[in-house]
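Here is a short briefing on one protein structure. Keep the model open as you read.

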Amino acid sequence: MSDYQILRETITKLIDFPNTEWCITQLSADHCFEHLDKYEAEGRVTPKFFIEDRGVTLVWREGNLKTYHHFYPDEKEDEIFRTRT
């Protein structure tokens, strides 16, 4: 099982999770999966995964650039930002 598949399974467990702080909707999860599929196809390093109060965030480092891709818990909306390390 690939690291990307493990991420997909973990995110799937958060759909309608009883703890509402960590719960995400199917719509939000599907949107995240679309991006994971794209990143995997591009051959990117598997991102780290963080559960937050308002959704989930994927984080990965490429050289001296750190990328954060945040998915909100209840909508098909996301936010990407980058920082230099």
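Two residues are in contact when heavy atoms of theirs lie within 4.5 Å. Keep in mind that this model is predicted. The points below cover a helix pair, one serine and the aromatic rings.

**Helix packing**
- Helix α1 spans residues 3–14 and packs against α2 at an angle of about 175°.
- The axes of α1 and α2 are 11 Å apart.
- Angles over 145 degrees count as roughly antiparallel, so α1 is roughly antiparallel to α2.
- On the α1 side, Tyr4, Leu7, Arg8, Ile11 and Thr12 take part.
- They meet Ala29, Cys32, Phe33, Leu36, Asp37, Tyr39 and Glu40 in α2.
- By class, this contact has eight nonpolar, one polar and three charged residues.

**Serine 28**
- Serine 28 sits in helix α2, which covers residues 26–41.
- Is serine 28 buried or exposed? Its relative accessibility is 2%. Buried means under 20%, so serine 28 counts as buried.
- Neighbours within four places in sequence aside, serine 28 is in contact with Phe71, Tyr72, Pro73, Asp74 and Glu75.

**Aromatic rings**
- The structure holds two aromatic pairs.
- One of them joins tyrosine 68 and phenylalanine 81. This pair is stacked, at 4.8 Å centre to centre and 10° between the planes.
- Tyrosine 68 lies in strand β3 (residues 65–71), and phenylalanine 81 in strand β4 (residues 78–84). The two are 13 residues apart, and the pair links distant parts of the chain.
- Phenylalanine 81 has 40% relative accessibility, so this residue counts as partly exposed.

Note on methods:
Residues numbered from 1 in each chain as written. Predicted model: local features only at pLDDT ≥ 70, side-chain atom pairs only at ≥ 80, totals over all residues. Heavy atoms only, no water. Helix = DSSP H or I, 4+ residues; strand = E, 2+ residues; numbered from the N terminus. Buried < 20%, exposed > 50% of the residue type's maximum accessible area, 1.4 Å probe, protein only. Phe/Tyr/Trp six-rings, centres within 6.5 Å; stacked < 30°, edge-to-face > 60°. Axes fitted to C-alpha atoms, helices over the stretch in contact; angles between N-to-C directions. Parallel < 35°, antiparallel > 145°, perpendicular 65-115°, else oblique. Nonpolar A, V, L, I, M, F, W, Y, C, P; charged D, E, K, R; others polar.
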